[in-house]
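Subject: Structure handover and notes

Hello,

Here is the structure for your files. My notes on it follow below.

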Protein chains: 2
Amino acid sequence: VAAQGFAGVSAVTRRSPTRFAADVDPGWTIGGKPNGGYLLAMLGRAAIAAGGHPDVLAASAHYLRAPEPGPVEIEATVLRAGRSAGQARVRMAQDGQDCVEALLTTGRLDPADAPYWSGGVPAPGEYPFADCERVAWELPDGRHVAIMREVDVRLEPPSAGFARGEPSGRGELRGWLALPGGEPFDAVSLLYAVDAFPPATFDVAMSGWVPTFELTAYVRAVPAPGPVRVLQRARLIQGHRVDEACFVWDGDGRLVAQATQLAGIRLVF
Amino acid sequence: VAAQGFAGVSAVTRRSPTRFAADVDPGWTIGGKPNGGYLLAMLGRAAIAAGGHPDVLAASAHYLRAPEPGPVEIEATVLRAGRSAGQARVRMAQDGQDCVEALLTTGRLDPADAPYWSGGVPAPGEYPFADCERVAWELPDGRHVAIMREVDVRLEPPSAGFARGEPSGRGELRGWLALPGGEPFDAVSLLYAVDAFPPATFDVAMSGWVPTFELTAYVRAVPAPGPVRVLQRARLIQGHRVDEACFVWDGDGRLVAQATQLAGIRLVF
């Protein structure tokens with residue numbers, strides 16, 4: 001399975017101008033549930049195929065129920081087909097039950113674009129890839145986090161305390177992300193990158209699965225080849241819900257994607 | 001018109017279980033274009049009426065084309081009707097043309113919820129309402145910003161420089177927002193509050209209209225009566241696009257809503 005790479009496990013096959021088939025890979029799951037950014041990347045491929053613009057610029061997904069690994073159907077409806085950008089509604093279903101619905105704006109990322117002003121972007125991490133600690137796919141209690149076997153998620157040492165039961169309390173995880181086989185990131189796989197890290201709440205308090213209700217991603221630039229730097233930051237934990245922000249930079253230190261998500265959380269007090 | 005208040009100008013009238021009629025008020029516009037958060041609040045009312053849960057928890061809107069002031073049609077489709085939360089797709093059209101489509105998660109905000117951890121939330125502003133400067137609805141060049149006559153947007157003195165041609169360069173506007181007649185905010189009018197401030201890019205460089213492509217809002221708590229504090233912050237301006245984050249606190253200093261948006265920008269160099 002890993003030999004397929006991300007392009008393979010997120011591929012969609014056109015059945016009609018608006019309908020696509022895809023397979024949710026069992027390797028890209030956490031506790032048997034597929035990663036939400038991975039599913040959004042599939043929807044991104046369908047939006048691009050249906051809409052005629054090559055890149056996803058913005059995507060907002062609401063998660064209705066998690067599909068099981070296996071076949072899913074995707075339907076893409078073009079809402080507006082503009083000259084430089086367009087919008088599409090894309091829906092993933094399994095056995096006739098809706099699983100994810102998303103709205104996507106597609107367009108073209110101009111490789112010549114440069115930041116005019118970036119004063120509101122946090123500083124990227126400083127540790128090189130080799131000095132970061134890979135997140136294990138085998139947990140101390142014997143359970144497995146399947147997706148961490150597929151991708152290489154590495155945490156900076158100040159972010160890695162939670163695995164030893166020592167969260168920093170900052171609610172912030174910094175590190176690197178590499179796809180299987182060193183596959184370069186593009187505007188579609190960045191939709192996965194913004195949801196690839198463990199929940200930043202692990203750096204506050206341990207919890208079980210943190211299911212995403214809503215995920216919004218903005219893709220800002222075409223990344224340079226190689227792993228990307230990620231900052232996953234929790235903001236407010238309240239009423240069994242948490243919002244997290246994510247920033248992704250390429251190896252040259254350029255901000256390439258951003259995201260925000262609202263998720264459910266059951267804290268282990 | 002102002003006598004209607006926000007509840008009046010954002011009201012929707014049910015025509016069938018899934019169809020609603022509404023009127024875009026000419027007062028709630030900027031350069032003749034309706035405010036995007038105002039339109040999202042209308043979609044929020046339709047989602048609540050169609051879905052059975054009393055509050056909007058999360059909303060993501062993609063803006064296709066701006067409707068003119070006047071009648072619009074709204075269609076709400078329930079995607080999942082859960083016991084404690086549900087999701088709906090809501091679409092606004094005018095004269096048969098789609099204008100805005102949004103996905104909303106509805107549920108119930110528990111007034112007893114308290115923050116468990118809020119370490120990722122920026123500090124609210126410190127200036128009292130009375131020490132802030134109201135944004136004028138008449139511009140120096142004689143043009144009008146209609147919506148600023150309806151609502152009371154007040155900027156803290158360090159955020160008010162742009163009106164004198166002296167942006168601070170921080171890309172950050174802090175201040176207060178009050179609805180007409182002192183109407184209290186609720187989970188629906190907070191969908192407007194997160195888009196009520198001038199673009200934070202005005203604190204970097206002047207530009208014309210900054211049209212919203214995508215707006216995502218999370219409502220976190222029921223606000224106390226009275227005006228709300230707002231922080232509107234720009235992050236990255238690049239390739240004629242900017243993303244902005246927004247945080248809204250009630251008068252008691254409690255975070256009640258958050259948002260992110262991607263907008264177009266044509267800078268006046």
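Buried here means under 20% relative accessible area, exposed means over 50%, and partly exposed is in between, with a 1.4 Å probe and protein chains only. By that rule A:C132 is buried, at a relative accessible area of 8%.

Some conventions. This is a predicted model, in which local features need pLDDT of at least 70, side-chain atom pairs count only at pLDDT 80 or more, and totals for chains, interfaces and linings use all residues. Residues are numbered from 1 along each chain as its sequence is written, chains are lettered from A and ligands numbered from 1 in the order in which they are written, and side-chain values use heavy atoms, with hydrogens and water left out.

Cysteines

The structure holds 0 disulfides over all chains, a disulfide being a pair of cysteine sulfur atoms within 2.5 Å.

Interface of chains A and B

Contact (heavy atoms within 4.5 Å) involves 58 residues of chain A and 58 residues of chain B. The buried area, which is the accessible area (1.4 Å probe) that two parts lose on being put together, summed over both, is about 4,900 Å² between the two chains, and carbon and sulfur atoms give 56% of that. There are 39 residue pairs in polar contact between chain A and chain B, both residues at pLDDT 80 or more. A polar contact is a pair of N or O atoms within 3.5 Å; within protein, one must be able to donate a hydrogen and the other to accept it, and residues adjacent in sequence count only if both atoms are side-chain atoms. Chain A and chain B also share 4 salt bridges.

Salt bridges

A salt bridge is a side-chain nitrogen of Lys or Arg within 4 Å of a carboxyl oxygen of Asp or Glu. The count over all chains is 24. B:E101, in strand β8 of chain B, and A:R89, in strand β7 (residues 86-94) of chain A, form a pair that joins two chains. Their closest N and O atoms are 2.6 Å apart, and both residues are buried. Helices (H or I, at least four residues) and strands (E, at least two) are DSSP runs, numbered from the N terminus.

Within chain A, A:D152 and A:R134 form a salt bridge with the closest N and O atoms 3.6 Å apart. This pair links distant parts of the chain, strand β11 (residues 152-155) and strand β10 (residues 133-134), with the two residues 18 apart. A:D152 is buried at 13%, whereas A:R134 is partly exposed at 41%. A network of salt bridges links A:R19, A:E75, A:R91 and A:D98. In chain B, B:R91 pairs with B:D98 at 2.7 Å between the closest N and O atoms.

Loops and backbone

A:H240 has a positive phi of about 65° although it is not a glycine. This residue sits in the loop between β14 (228-238) and β15 (241-249) of chain A and is partly exposed at 45%. B:D95, likewise not a glycine, has a positive phi near 50°; its place is the loop between β7 (85-94) and β8 (97-107) of chain B, and it is exposed at 72%.

A:D110 is in the loop between β8 (97-107) and β9 (115-117) of chain A. A polar atom of its side chain lies 2.8 Å from the backbone nitrogen of A:A112.

Regards
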